[in-house]
Amino acid sequence: MINLMGRNALPRGRFFGDFMRTIEWDSTKKLIKMIDQRKLPRRFEFVTCQTVDQMVEAIRNMTIRGAPALAVAGAYGMALAVRNPQGEIRQFARYAAKQLIDARPTAVNLGWGVNRILKIVDSSEISDSDLAERILKEAHNMAEEDVRINRKLSENGASLIEDGDTIIHHCNTGSLAVVDWGTALGAIRFAHEQGKRIHVLVDETRPRLQGSRLTAWECDQYGIPYEIITDNAAGYFLRSGKVNKVFFGADRVAANGDVANKIGSYMLSLAANANNVPVYSVFPLSTVDLTTKSGDLIPIEERDTSEVLDIEFQGEAVTPLNAKARNPAFDVTPHGLFTGLVTEAGIVYPPFEQNLASCVYNNNLDG
Ligand code: MRU
């Protein structure tokens, strides 16, 4: 385990790509190894999972998070389930699939990844003794695909970014949210590597602070200039005329182009539209759910209120002892607030309903 105190102790640009991925299979120890995203930015530690129950818990408690990373975590979770089935192997695999999918209900990628593995479980052509190996192989394929697809959509997103742009970014959508590269932050990183000078205003992203903890850490790794802002400062900066674009990811995109993403994305998009700043959501096509007609039908995860209440400022609790709270983890931004939706197959412009569907079908995904 690497345990480095203080962000300056972390060497830049060494944690992704050839060196380390967000989630990996350790073929020697036969287990899953993941970066512990609860500990960053001050501690860089790994968590290992040997059972599907451990993976379900890691997804629930956000050791691993971010929609595309959850697809791969779900697939590897299935691989763990069939290595050590409690009961009849296929029956246990179906039970494990439900546990995994229910762990985080909004990000459709999790169900997409698990269902892809269930196709193998349901195949009568694969014997019980071959199942574990076939599923592990498919999980590896998905991890490789994730990197390839995210690099491509990052390249597409980078084409929208101009030299000198200031971009507001919400949540964390970098390598940590996928296997490698990322979506919205991947596009920013790609543009940065093309030599474009970009300044990122990093929304801190309450309550779990994926912006100030993870996106800021990733920007440090890549050498991308950034400043952290409180979520409620975004309107101030958008009105100043000094912000060129808003970029964020997606956890589920409905057939009409409505986007469920980290709580606060909607308010940010409203403020951007009021100030004529273009808004882009960047995601792989596996995030599109054509079976859900509009954003109103997307299930929104409500997380434990301790995430809102149990915080301290300068060593003191910030809420009264018996305070109550609400904690929706996502909101829906209606499609009308987007300038474009960026995917690996290109940038989708309005009318979103029609153009998203053709994009999905032309790329042989079932949505
Ligand atoms: O609750 P999280 O941290 O899993 O939420 C993540 C987001 O909302 C991201 O913006 C989204 O998954 C897209 S990441 C590539």
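This briefing describes the overall build of a predicted protein model and then one of its helices. Because the model is predicted, local features need pLDDT of at least 70 and side-chain atom pairs count only at pLDDT 80 or more, while totals for chains, interfaces and linings use all residues. Residues are numbered from 1 along each chain as its sequence is written, and side-chain values use heavy atoms, with hydrogens and water left out.

**Overall build**
- The protein contains eleven helices and 16 strands, where helices (H or I, at least four residues) and strands (E, at least two) are DSSP runs numbered from the N terminus.
- Along its principal axes, the C-alpha trace of the protein spans about 65 × 50 × 45 Å.
- Of the 367 residues of the protein, 57% count as buried, meaning under 20% relative accessible area with a 1.4 Å probe and protein chains only.
- Among contacts (heavy atoms within 4.5 Å) between residues at least 6 apart in sequence, 75% join residues at least 24 apart.

**Surface**
- The protein exposes about 16000 Å², of which carbon and sulfur atoms supply 48%; the areas come from the Shrake-Rupley method with a 1.4 Å probe.

**Helix H7**
- Helix H7, residues 210-222, has 13 residues and reaches 17 Å from its first C-alpha to its last, close to the expected 18 Å, a span defined as 1.5 Å times one less than the number of residues.
- Since 13 of the 13 residues of H7 are buried, this helix is largely enclosed by the rest of the structure.
- Glycine 223, whose phi is positive, near 75°, follows H7.

Methods:
Buried means under 20% relative accessible area, exposed over 50%, partly exposed in between (1.4 Å probe, protein chains only).
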